[in-house]
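Dear colleague,

I am passing on the structure below, together with notes on what was found in it.

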Amino acid sequence: MDFKLTEEQLMIQQAARDFAQNELLPEVIERDDAQRFPEEEVKKMGELGFLGMMVDSKYGGSGLDTLSYVLVMEELSKVDASCSVIVSVNNSLVCWGLETFGTEEQKQKYLTRLTTGESIGAFCLSEPEAGSDATSQKTTAIDKGDHYVLNGTKNWITNGSSADIYLVIAQTDIEKGHKGINALIVEKGAEGFEIGPKENKLGIRGSDTHSLIFNDVKVPKKNRIGEDGFGFKFAMKTLSGGRIGIAAQALGIAAGAYELALKYSKQRKAFGTEIANHQAIAFKLADMHTSIEAARMLVYKAAMDKDNHENYDLSGAMAKLYASKVAMDVAVEAVQIHGGNGFVKDYHVERLMRDAKITQIYEGTSEIQKIVISRSILRD
């Protein structure tokens with residue numbers, strides 16, 4: 001077991017850290033307050049290659065490994081989880097799915113735009129009645145020969161209004177259940193495709209989350225990903241890798257909150273000395289640091305499983321389950337260490353606490369992760 005990062009990985013990590021500190025940090029509070037999508041920052045992330053990190057260079061990607069992607073996600077999430085979730089969705093859910101299962105024509109037409117940031121992608125699975133139960137798709141894609149007619153509503157869609165390319169999961173043959181589901185590529189501006197109001201969220205407020213409405217939207221057959229009925233399997237395989245990205249996001253939020261709390265504890269004085277010298281605070285920091293290191297090992301292990309072409313369903317689920325819990329626990333303690341200042345936006349930790357909660361919910365709730373884990377260990 002080698003826990004050392006390569007020289008290239010260290011350089012990528014440093015580049016992401018510099019970008020987060022120099023480009024994301026200055027206006028992160030203002031973006032959160034205004035719920036403003038980081039349009040300029042996303043363009044810069046595209047220029048740095050952060051939006052197509054694992055995609056082959058022949059499609060404009062960076063051709064890097066999953067661990068490098070995790071390192072970038074961690075550094076971005078220390079500062080701005082709204083930006084990191086854009087990176088996560090574009091990389092894990094959209095680019096990876098298209099490159100792995102798309103046709104060459106689909107890759108040339110869409111993937112080359114997504115990797116550079118010219119276009120942003122969105123992954124459309126959740127519905128009002130199909131969240132954790134992804135088999136209960138009510139959105140339909142009726143086969144009309146050379147095209148499908150798409151009808152239904154998707155909700156909680158990250159990059160909902162900012163995306164140009166949408167991967168939509170829909171039911172074609174209800175009698176076949178989940179084996180009758182397809183994944184379709186839909187472009188913004190298609191006739192009958194409407195974007196609903198923006199959600200007013202607790203956290204990741206710079207990320208735009210919307211409902212999407214499809215009214216008799218015609219989707220060419222050539223925009224179907226994989227064979228007929230492959231849609232549910234496509235969604236599950238894609239989400240399995242997506243969990244690694246969100247686990248890395250949770251890890252970054254935890255690490256960011258811890259770093260702020262550690263710095264503050266060395267500056268703030270109470271009872272005649274820096275609060276870091278009080279055992280009550282020192283022990284909190286010890287617990288925070290230990291849990292973050294444990295989460296980091298789980299996240300890196302899942303990334304390496306994926307890079308080594310091993311099954312990463314279990315390791316990815318464990319990483320997301322634990323890292324998201326650590327993110328929430330550490331962020332709450334970071335606020336506590338800051339005392340009254342932790343309740344004030346200028347100190348950043350209250351935002352990190354709000355951002356942490358969603359990591360226990362999206363791309364599979366913690367309860368769903370426990371189902372994945374328990375089924376795996378009981379099957380073995």
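At what angle do helix α9 and helix α10 pack, and how far apart are their axes? Helix α9 (residues 313–338) packs against helix α10 (residues 349–358) at an angle of about 160 degrees, and their axes are 8 Å apart. Here axes are lines fitted to C-alpha atoms, for helices over the stretch in contact, and angles run from 0 to 180 degrees between N-to-C directions. That angle makes α9 roughly antiparallel to α10, on a scale where under 35 degrees counts as roughly parallel, over 145 as roughly antiparallel, 65 to 115 as roughly perpendicular and the rest as oblique. The crossing of α9 past α10 is left-handed, a term that applies if the near helix is turned anticlockwise from the far one by less than a right angle, with clockwise giving right-handed. On the α9 side Ala327, Met328, Ala331, Val332, Ala334, Val335 and His338 take part, and they meet Val349, Glu350, Leu352, Met353, Ala356 and Lys357 in α10; contact means heavy atoms within 4.5 Å.

Before going further, some conventions. The model is predicted, so that local features need pLDDT of at least 70 and side-chain atom pairs count only at pLDDT 80 or more, whereas totals for chains, interfaces and linings use all residues. Residues are numbered from 1 along each chain as its sequence is written, and side-chain values use heavy atoms, with hydrogens and water left out. Helices (H or I, at least four residues) and strands (E, at least two) are DSSP runs, numbered from the N terminus.

Helix α1 covers residues 7–24, and its 18 residues reach 25 Å from the first C-alpha to the last, close to the 26 Å expected at 1.5 Å a residue (the expected span is 1.5 Å times one less than the number of residues). Gln9, Ile12, Gln13, Ala16, Phe19, Ala20 and Leu24 of α1 are buried, where buried means under 20% relative accessible area, exposed over 50%, and partly exposed in between, with a 1.4 Å probe and protein chains only. Seen down the axis of α1, these buried residues fall within an arc of 125 degrees, so they line one face of the helix; the arc is that of the directions from the helix axis to the C-beta atoms. Glu7, Met11 and Asn22 are exposed and sit on the face of α1 turned away from the buried side. The cover over the buried residues of α1 includes α2 (28–34), α3 (39–47), α4 (66–79) and α5 (81–101).

Two of those covering helices also pack on each other, α4 and α5 meeting at an angle of about 155 degrees with their axes 7 Å apart. That makes α4 roughly antiparallel to α5. The contact is made by Tyr69, Met73, Leu76, Ser77 and Val79 of α4 with Ala81, Ser84, Val87, Ser88, Asn91 and Ser92 of α5.

Further along, the axes of α5 and α6 come within 10 Å and cross at roughly 155 degrees. This makes α5 roughly antiparallel to α6, and α5 passes α6 in a left-handed crossing. Asn90, Val94, Cys95, Leu98 and Glu99 of α5 make the contact with Lys107, Tyr110, Leu111 and Leu114 of α6. Helix α6 (residues 104–114) has Gln106, Lys107, Tyr110, Leu111, Arg113 and Leu114 as its buried residues, and what covers them includes α5, β1 (121–124), β4 (165–171) and β5 (181–187).

In the loop between α6 and β1 lies Gly117, which is buried with a relative accessible area of 17%. Gly117 and Lys44 are 73 residues apart in sequence, yet 8.4 Å apart in space, C-alpha to C-alpha.

Ala261, in helix α7 (residues 231–265), counts as buried at 0% relative accessibility. Residues up to four places away in sequence aside, Ala261 touches Leu285, Met288, Ala334, Ile337 and His338.

Trp156, in strand β3 (residues 147–158), has phi near 60 degrees and counts as exposed at 54% relative accessibility. Phe271, in the loop between β8 (269–270) and β9 (273–274), has phi near 55 degrees and is exposed, with a relative accessible area of 82%.
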